[in-house]
Amino acid sequence: MEYISTRDKSVKVSAATAIANGISNDGGLFVPDDFPKLNEKDFEILCNLSYIDKAEYILKLFLNDFTIDEIKYCVNGAYSGSFDDDKPAPLKAIGDNINILELWHGPTCAFKDLALQLLPFLLTTSAKKVSSGKKTVILVATSGDTGKAALEGFKDVKDTEIIVFYPSEGVSPMQKLQMDSQKGENVHVCAIKGNFDDAQSAVKKIFTDNAVKEKLKNNNMEFSSANSINWGRLAPQIIYYISAYCDLLKEKADLSKGFNVTVPTGNFGNILAAFYAKKMGVPINKLICASNSNNVLTDFIKTGIYDRNRKFYTTISPSMDILISSNLERMLFYLCGNDDNYVVSLQKQLSENGRFEIKSEVKERLQELFYGGFCDDTETLNTIKDTFDNYNYLCDTHTAVAVNVYGKYLKETGDNRPVVIASTASPYKFAKSVLSAVSDKTSDSEFETVRLLSTVTDTVIPKPIAELENAKVRFNTVVNKEDMYKAVFDSLGI
């Protein structure tokens with residue numbers, strides 16, 4: 001297996017190069033030139049493996065230049081002792097055919113842990129193969145969860161520095177505190193005046209700036225990415241959808257017609273991983289893409305027009321407050337039959353005009369695979385309350401968007417196949433909003449709110465959240481988006 005660029009498929013690199021570089025020199029994203037297929041025998045084997053062993057089984061299909069011992073080292077380092085009860089992705093049934101895939105049992109209480117506990121091991125192993133002793137600089141834009149998960153994964157990792165930018169008014173208080181109190185000698189955190197799209201666009205610009213790359217080279221450094229543009233972030237996410245299928249098989253769910261998957265979606269990486277699992281043989285029927293009021297993806301799936309020229313909403317599901325979904329480029333590459341010139345033309349239109357429209361045949365393929373829906377903050381809060389009242393299940397503001405949109409899909413289509421709904425964060429990361437949905441009690445204190453939520457719902461406060469109460473804030477820098485270049489250089493001391 002080799003990895004090709006979405007903007008120039010003649011570019012072919014190894015897995016280690018794709019992971020170490022993060023992004024192709026032409027600005028494209030790396031994708032496998034082919035996908036491995038899993039058969040019935042493979043799934044029989046996988047059903048009897050632990051999550052760690054499943055991860056090894058699947059990753060060896062993608063990491064063409066890693067030894068088995070290297071894969072074992074990476075996977076064991078990531079998943080041993082890092083997740084509650086050593087179960088990184090438990091599946092919880094809450095109603096007829098409704099299964100919640102809980103992806104927030106790691107050290108930062110968000111789904112990003114499943115990938116970002118593993119990525120440092122993949123990246124440092126890759127760098128040894130291809131980077132000749134250079135220090136790796138991880139540059140991250142975050143809408144909340146990626147930043148903390150990346151900081152936690154890379155803290156004090158040898159020969160790395162990590163710089164995280166987040167929108168100063170676009171994350172929850174708990175997400176902000178998680179990042180600003182991060183420990184580690186090699187970590188740097190900076191807020192920007194702007195939204196996530198501003199941060200992401202600037203990071204991409206810095207990442208591909210030849211003058212900046214030359215400056216890093218002169219200081220024996222090079223960039224890589226912990227965002228889901230990096231294949232090393234995306235590949236681990238495929239694992240938990242395969243794991244969920246194995247759990248459904250073990251529970252003897254009726255999968256004669258397959259099952260659906262619903263994902264609260266911002267940057268399109270999580271739902272793309274589900275699509276890749278489908279390509280590998282997991283019998284996923286419909287991929288239900290759930291958005292909040294920033295419903296650019298919903299409109300795209302329904303109309304074939306991607307248009308970011310619209311009002312930006314700051315919502316109670318901030319990790320989805322995104323209008324430029326980076327991983328959609330990988331999906332477009334597949335939908336148009338790996339036509340790299342077509343992908344380049346679409347990205348050029350998006351960059352210059354803020355919009356593009358796909359060809360009718362590409363739209364048809366898109367709509368065969370995906371259903372798009374969205375809900376606003378009021379609907380989100382109502383869904384949290386209804387889900388708690390009806391199922392005694394407490395979900396966060398992002399998972400609630402997925403539950404709501406799945407309900408709309410079910411009502412619209414009558415398709416009652418089993419569904420796996422990706423639960424992407426602990427409700428305690430968004431305690432104020434979740435508490436307001438289930439109780440009239442309030443508090444101005446973030447941690448008193450957390451305690452109230454625990455009391456009202458009779459649920460346990462996750463240890464990583466409880467420990468934050470006495471955390472010391474280390475970072476309080478806020479810059480204009482135009483000053484992010486300088487912030488990078490200042491962080492690195494160059």
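# Questions about cavities, sheets and buried spots

Student: How many cavities of 30 Å³ or more does the count come to?

Tutor: The count comes to two. Keep in mind that this is a predicted model.

Student: What makes such a space a cavity, and not a pocket?

Tutor: A cavity is where a 1.4 Å probe fits but cannot get out, whereas a pocket is open. The largest cavity has a volume of about 280 Å³, and that puts it in the group of 30 Å³ or more.

Student: Which residues are closest to the centre of the largest cavity?

Tutor: They are F111, K112, G266, N267 and S319, out of 24 residues in the lining. The elements that give two or more residues to that lining are α7 (145-154), α11 (231-250) and α12 (269-280).

Student: How do you know that the strands β2, β1 and β3 form a sheet?

Tutor: Strands count as paired if there are at least two bridges between them. β1 and β2 have three bridges, in the antiparallel sense. β1 (residues 3-5) also pairs with β3 over three bridges, again antiparallel. Both values meet the cut-off of at least two, so both pairs count. The three strands make an open sheet in the order β2-β1-β3.

Student: Why are β2 and β3 called the edge strands?

Tutor: Each of them, β2 (8-13) and β3 (30-32), pairs on one side only. From one strand to the next, the twist averages 40 degrees.

Student: What packs on the sheet and touches β1, β2 and β3?

Tutor: That's helix α14 (residues 328-335), whose direction makes about 45 degrees with that of β3. As for partners within the sheet, I4 has V31 in β3 as its bridge partner, and Y3 stands opposite V13 in β2. The link from β1 to β2 is a hairpin through two residues.

Student: What is the strand order in the open sheet of five strands?

Tutor: The order is β9-β6-β7-β8-β16, and the pairing there is parallel.

Student: Why do β9 and β16 stand at the edges?

Tutor: β9 (221-225) and β16 (478-480) each have a single partner strand, so one side of each has no neighbour in the sheet. The twist in this sheet averages 30 degrees from one strand to the next.

Student: What makes β6 and β7 a pair?

Tutor: Six bridges join β6 (residues 135-141) to β7 (residues 160-167), and at least two are needed. The two strands run parallel, and V137 stands opposite E161 in β7.

Student: Which strands does α7 touch as it packs on the sheet?

Tutor: It touches β6, β7 and β8 (187-193), with its direction at about 165 degrees to that of β7. Helix α10 (residues 210-218) packs on the sheet too, touching β6 and β9, at about 125 degrees to the direction of β9.

Student: What makes C336 buried?

Tutor: Buried means under 20% relative accessible area, and C336 has 12%. C375 is buried as well, at 0%.

Student: Why is K429 called buried?

Tutor: Its relative accessible area is 0%, which is under the 20% cut-off. K429 lies in the loop between β15 (419-423) and α19 (431-438). Leaving aside residues up to four places away in sequence, K429 touches T108, C109, A110, D145, S172, M174, Q175, Q178 and I465.

Student: Why is α19 said to be largely enclosed?

Tutor: Six of its eight residues are buried, so the rest of the structure largely encloses α19. The buried residues are A431, S433, V434, L435, A437 and V438. Among the elements covering them are α17 (377-391), α18 (397-413) and α20 (446-457).

Note on methods
Residues are numbered from 1 along each chain as its sequence is written. This is a predicted model: local features need pLDDT of at least 70, side-chain atom pairs count only at pLDDT 80 or more; totals for chains, interfaces and linings use all residues. Side-chain values use heavy atoms; hydrogens and water are left out. Helices (H or I, at least four residues) and strands (E, at least two) are DSSP runs, numbered from the N terminus. Axes are lines fitted to C-alpha atoms, for helices over the stretch in contact, and angles run from 0 to 180 degrees between N-to-C directions. Contact means heavy atoms within 4.5 Å. Buried means under 20% relative accessible area, exposed over 50%, partly exposed in between (1.4 Å probe, protein chains only). On a 1 Å grid over the protein atoms alone, a cavity is a set of points where a 1.4 Å probe fits but cannot get out, and a pocket is an open set with protein on both sides within 12 Å along at least five of seven lines; lining residues have an atom within 4 Å of a point. Grid points are joined across faces, edges and corners, and a volume is the space filled by probe spheres set on the points.
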